[in-house]
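Open the model in your viewer and keep the selection panel at hand. Each stop gives a selection and what to look for.

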Amino acid sequence: MRRITRISCGYYRNSRHSFEHTAAAVRGLYTSTLKSTPFLQLENETQNIFQHLCSQQKRAYAPNTTAIANKCWNCKKEVPQDMTCSHCHHLQDVNSEVNYFELLQFPQSFALETSALTKRFRQLQSVVHPDKFSNKSSREQTNSADWSSLINKAYKTLLIPIERGQYLLKLNGRQIPQDNSALDKEFLMEMMERNEEVEEANSKKELEEIHERLSGELHEKVAVLAKVFADNNLEKATSLLVEMKYLLSIQKTIKNKLQSLMGS
C-alpha cells in the first residue's frame with residue numbers, strides 16, 4: 001500500500017509540474033495578443049464559442065478517438081463534440097485531429113481576415129486559459145492546457161499565409177514537394193540570381209531594398225494564392241507555395257546578414 005501511495009504521489013507531482021510548465025508557456029502567447037479588448041466584452045462574446053469544438057485526445061486516461069457518440073468523462077452522459085459538457089459543464093478532453101478552421105470557427109478558405117482571426121483566438125483563449133482552471137481537478141487542468149496549446153497552434157497556422165496554404169493542401173491530401181519538381185527552370189535561375197545579389201550586397205541599404213522587393217512579391221503571391229485556392233487549383237497553389245518558400249528563405253538570409261552587419 002505504501003508503494004502504491006508513493007507512486008500515486010509521484011504521478012501527481014509530475015502531472016502538476018507538467019501542467020504549470022504548459023500553462024506558463026500558454027500564458028505568454030495569450031497575454032502578448034490580448035492588449036486592448038475589454039474583459040467584460042470578451043466574456044460576453046465567448047458565450048457563443050462552446051458549440052463547435054471537438055473533444056477527446058489519446059492519453060492514458062482517455063478513451064480512444066472514434067466516430068461514436070462522445071460521453072462526458074465526468075458525468076458519463078452523451079454530449080455533442082463540444083469543448084464543455086452541456087450537463088455538468090466540465091471541460092472535455094482534446095481532439096488533436098480537429099480541423100483548425102472548425103476550431104476557430106472560420107470557413108475552410110485561404111482568404112480570411114486576420115483581425116477577425118485574432119479576435120476569435122482571444123475569445124477562445126479566454127474560455128480555456130489555464131489560469132481559470134488552477135483550482136479545478138487535475139484532469140481539467142490538463143485539458144485546459146491542452147486546449148490552449150492547440151488553439152495557439154491553430155491560430156499560428158492560419159495566421160501565416162504560407163502555413164495556412166500548406167495546411168489547406170494537407171486537408172486535401174497534398175503537400176509541398178521536398179524537391180524542385182513543382183518549379184520551372186526559369187524561376188530556379190531567378191532564385192540563384194537573387195541569392196547572388198544578397199551575397200554581393202555589402203550595405204544595410206542594399207539589403208533592405210532587396211528585402212522590400214521580396215515583401216512586395218510575397219504580397220502579390222498571397223493575393224493570387226487566394227484566387228487559385230478559391231478555384232480549387234491545387235497544382236497552381238502548390239507551385240505558388242513553393243515559390244513563396246524560396247522567397248521567404250532569401251528574406252531570412254537577408255535578416256541574418258543584416259544582423260551580422262549591425263554586430264560588426
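This is a predicted model: local features need pLDDT of at least 70, side-chain atom pairs count only at pLDDT 80 or more; totals for chains, interfaces and linings use all residues.

Residues are numbered from 1 along each chain as its sequence is written, and side-chain values use heavy atoms, with hydrogens and water left out.

**Stop 1: α4.** Select residues 114–128, helix α4. Helices here are DSSP runs (H or I, at least four residues), numbered from the N terminus. The end C-alpha atoms are 21 Å apart, in agreement with the 21 Å that 15 residues should span. That expected span is 1.5 Å times one less than the number of residues. Colour the buried residues (under 20% relative accessible area, 1.4 Å probe, protein chains only). Among them are L117, F121, L124 and V128.

**Stop 2: α5.** Select residues 138–159. Helix α5 reaches 31 Å from first C-alpha to last, close to the expected 32 Å. Of its 22 residues, 17 are buried, so α5 is largely enclosed by the rest of the structure.

**Stop 3: α7 and α8.** Select 185–200 and 204–230. Their axes (lines fitted to C-alpha atoms over the stretch in contact) come within 9 Å and cross at roughly 150°. R194, E197 and V198 in α7 meet L207, I210, R213, L214 and E217 in α8; contact means heavy atoms within 4.5 Å.

**Stop 4: L240.** This residue sits in α9 (residues 234–263). L240 is buried, at 5% relative accessible area. Show its contacts K221, V224, L225 and V228, which leave out residues up to four places away in sequence. Finish on L183: its C-alpha lies 9.0 Å from that of L240, across 57 residues of sequence.

Terms used: Helices (H or I, at least four residues) and strands (E, at least two) are DSSP runs, numbered from the N terminus. Buried means under 20% relative accessible area, exposed over 50%, partly exposed in between (1.4 Å probe, protein chains only). Axes are lines fitted to C-alpha atoms, for helices over the stretch in contact, and angles run from 0 to 180 degrees between N-to-C directions.
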